[in-house]
Amino acid sequence: KEETLTDADEDVLFGGSVVSPRNRKVSKTGAILPDNGSPPNPLDHSTDPLVNKLRTMRETVTSCPSIWKELAANCPEKRALFDEHLCDEKIDLTFQEMENKVRRSAAAFKSLGVKKGVNVAILGENSAMWLIADHGIQLAGGASAVRGADAPLDELRYIYEHSDSAGIAVLQDVKLLQKLAKDAKAKSLGALGLRNDSFGTVKTVVLLHRGKTSDDEIDALGEANGVSVKVLSDLLDSTSPASYKELPIIERSDLSTSKFSLLFHSL
C-alpha cells in the first residue's frame, strides 16, 4: 500500500506553517524540546527502540567523530559506510569497523604531530577515505581545511597558506601530487608549492588513494619533491587504534573545520 503524507506532515518536514522549528524551545545542547502547543513532530519520536536510543546522541555527543563510538556501541553490525567509486578497493564497513578505522586514523595523524590547535589541509573529493581522514584529524584534536581536488592549483595553495596547515597535506591521489609538483617546478615554487608563514613548506603528504602506483614509485615522487609521501590505507593498517584515554577531550566549542575553507564553499 502506498502511503502519502498529509498536509500537516509535509508542513513539518518541508517547512510549512504548522510547526516552525525556529520557534521551538531547545535544550542547552540544542536538542528540540517537546512543545505541547504544537502538533508532535514525527521526526522527534519513533516506534523503533534503536532510533529512540540513537536520539540520545543529541544530548551526549560533543563532536562529529565521537558519533562513531555511540553507533559502534548501539548498532555495531549495521552498515555504516559503502564506497566503490573513489577508493582503491571497495569499502564496506560496519559501524564497529568504522569506529576502529577512525581511531586508527586519529593515532596515525597524532603520530604526524596533529593535536589540539593544529590544522591539516585536506585537498580531495568526498569519499569514504576522505571521511576517515577528516574524522581522524578531528578525533586527534585537529581541524581540517578542506577543498575539492578539482579546484585550480593556485586556489589549493592559497588555502594551504592561509589555513596554517601544520606541514601536512592530505591529497586526493598521485595525480594531484604530480600536478602540483609539475606546476611548482614550472613556477620555481619548490615542495609542491604548498607553504605558509607558520610552518614553512609542506613536509608530509598523505594520499587518500594510491591507484596503481607502487610503493617504490610513491617513495620516488616524495624524494623528487622533498616531501614524505604516505598512503592513508597503509597508515591505517600499520597503526593500532588510539584509545580514548590517549586522545584529547573535544568540546562542542572546539574548531572542527577551518572557517577559511568554508569561505570558499560559500563563494
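Contact here means that heavy atoms lie within 4.5 Å, and among contacts between residues at least 6 apart in sequence, 68% join residues at least 24 apart. The structure is a predicted model, in which local features need pLDDT of at least 70 and side-chain atom pairs count only at pLDDT 80 or more, while totals for chains, interfaces and linings use all residues. Residues are numbered from 1 along each chain as its sequence is written, and side-chain values use heavy atoms, with hydrogens and water left out.

The protein holds eleven helices and nine strands, taken as DSSP runs numbered from the N terminus (helices are H or I with at least four residues, strands E with at least two). Of its 267 residues, 45% count as buried, that is, under 20% relative accessible area with a 1.4 Å probe and protein chains only, against over 50% for exposed and in between for partly exposed.

E3 runs parallel to strand E4 (residues 143-147), to which five bridges join it; two strands are said to pair if DSSP finds at least two bridges between them. Asparagine 119 stands opposite alanine 143 of E4. Between E3 and E4 the chain passes through helix H6 (residues 128-139), and this β-α-β crossover is right-handed, meaning that, with the strands pointing away from the viewer, the path from the first strand over the helix to the second runs clockwise. E3 also pairs in the parallel sense with strand E5 (residues 165-173), over four bridges, and there the bridge partner of asparagine 119 is serine 165.

The largest nonpolar core has 41 residues, of which Met98, Phe109, Val114, Val170 and Leu232 touch the most other members; such a core is a set of buried Ala, Val, Leu, Ile, Met, Phe, Trp, Tyr and Cys residues joined through side-chain atoms within 4.5 Å. Among the elements that give two or more residues to this core are E3, H6, E5 and helix H10 (232-238), and H6 gives the most, with eight residues. Leaving aside neighbours within four places in sequence, leucine 232 is in contact with Phe109, Met129, Ala133, Val206, Leu207 and Leu208. A second, separate core of 24 residues includes Ala149, Leu171, Val174 and Leu180.
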